[in-house]
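Hi there,

Here is the structure I promised to pass on.

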Number of protein chains: 2
Amino acid sequence: MSGPALDFWFDFASTYSYPSALRIRALARQADVMVHFRPFLLGPIFKAQGWQTSPFDVYEVKGRNMWRDLERICADLSIPFRRPEPFPQNSLQGARVALVGLAQSWGEDFCEALYRSQFGEGRRIDEPATIAAVLAALRVDAAPVLAAAQSDAIKIELRKETEEAQRLGIFGAPSFITADGELFWGNDRLERALLWAKLGR
Amino acid sequence: MSGPALDFWFDFASTYSYPSALRIRALARQADVMVHFRPFLLGPIFKAQGWQTSPFDVYEVKGRNMWRDLERICADLSIPFRRPEPFPQNSLQGARVALVGLAQSWGEDFCEALYRSQFGEGRRIDEPATIAAVLAALRVDAAPVLAAAQSDAIKIELRKETEEAQRLGIFGAPSFITADGELFWGNDRLERALLWAKLGR
């Protein structure tokens with residue numbers, strides 16, 4: 001029998017997924033829960049809700065508070081924060097590279113580092129140079145990875161994961177789903193989701 | 001010099017304001033922070049964002065998760081939960097009566113009890129009988145209170161409070177605002193808001 005597990009669904013353009021990505025591995029280790037990183041694209045899900053871009057751009061007062069809130073959260077966690085421009089950024093390439101890495105050994109490190117680039121250093125993750133720099137820092141050879149990220153297999157996998165997210169009722173990120181189907185939405189639900197994964201309630 | 005203070009902005013139709021209303025007085029006492037209850041109406045603010053009703057009704061998958069999330073939160077807090085029908089309910093009369101009570105001694109008790117009626121017992125707060133029952137349980141004479149709630153003074157006060165909420169950048173409820181202007185949105189930010197009220201950071 002396998003132990004408690006939690007699926008961590010995220011989009012690299014999602015602001016509140018940044019603190020979650022940096023926290024989840026240590027918290028899961030403490031809670032003795034196995035975490036499965038599942039990058040997907042929020043774009044098609046937002047479109048189905050009638051938004052053409054991030055709701056934080058659609059609703060400006062809400063967006064303004066989100067940036068301040070994220071800044072406070074990062075300060076509390078002592079993690080770097082720098083608001084990226086533009087926002088939201090296209091996360092397609094990041095998600096595809098992450099899928100390549102998650103099938104190898106460096107996927108989780110890549111996810112954490114790409115979030116750090118964007119929201120800790122204010123870099124553009126839609127620029128190939130940013131992804132290349134992250135791979136270089138992880139000592140991963142970029143050329144075969146970037147080729148694999150453009151393969152049909154990875155493109156189809158990301159599309160399927162995004163469809164699966166929608167099927168599961170995911171409407172934002174980060175989202176955490178336990179083996180028994182409990183969906184927790186938001187960075188502030190991470191601890192509770194881990195506890196549910198462990199206790200089943 | 002006065003001590004640390006926090007404004008608690010809420011609409012009786014707001015689901016996540018329910019656990020906040022039941023938690024805030026004990027938490028504020030522990031934190032040695034003075035809380036100011038400020039009922040307002042979300043309707044005009046939602047309309048300004050283009051919603052004709054609660055966003056939990058506009059976005060159905062999000063709404064479904066909210067009810068489940070609220071149920072889990074109430075279970076964790078050991079407070080009763082019963083989903084009210086219909087939702088959202090008209091909170092105008094409740095807010096006006098709350099303003100009458102907050103200028104007297106029973107306002108906070110009324111707020112807590114009205115939230116409990118709606119989200120703990122599934123009652124309709126847009127029915128005069130519910131408000132009357134809450135007042136009776138608090139041993140408040142309903143007739144003069146209901147008359148005062150219809151006065152121009154109270155109607156104007158509620159309108160001004162709602163305008164003030166909008167001016168302050170409030171876009172949802174519950175919202176917590178410290179004396180130095182930090183806005184925290186959501187039941188899950190209550191503890192952090194109290195700490196900010198106390199430390200100024």
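Let's start with the salt bridges: there are ten of them between chain B and chain A. By salt bridge I mean a side-chain nitrogen of Lys or Arg within 4 Å of a carboxyl oxygen of Asp or Glu. One to look up is A:Asp188 with B:Arg189, where the closest N and O atoms are 2.7 Å apart.

Before you go further, a word on the ground rules. This is a predicted model, in which local features need pLDDT of at least 70 and side-chain atom pairs count only at pLDDT 80 or more, while totals for chains, interfaces and linings use all residues. Residues are numbered from 1 along each chain as its sequence is written, chains are lettered from A and ligands numbered from 1 in the order in which they are written, and side-chain values use heavy atoms, with hydrogens and water left out.

Back to the interface. The rule also finds 15 residue pairs in polar contact across it, both residues at pLDDT 80 or more. (A polar contact is a pair of N or O atoms within 3.5 Å; within protein, one must be able to donate a hydrogen and the other to accept it, and residues adjacent in sequence count only if both atoms are side-chain atoms.)

Which elements give two or more residues to the side of chain B that touches chain A? They are helix H4 (60–77), strand S4 (183–185) and helix H10 (190–199) of chain B. (Helices, H or I with at least four residues, and strands, E with at least two, are DSSP runs numbered from the N terminus.) H4(B) provides the largest share, eight residues.

In total, the contact takes 22 residues from chain B and 22 residues from chain A, where contact means heavy atoms within 4.5 Å. Together the chains bury about 2,200 Å², 47% of it on carbon and sulfur atoms. (That is the accessible area, with a 1.4 Å probe, that two parts lose on being put together, summed over both.)

The same surface serves both copies, as 100% of the contact residues of chain B recur in chain A.

Cheers
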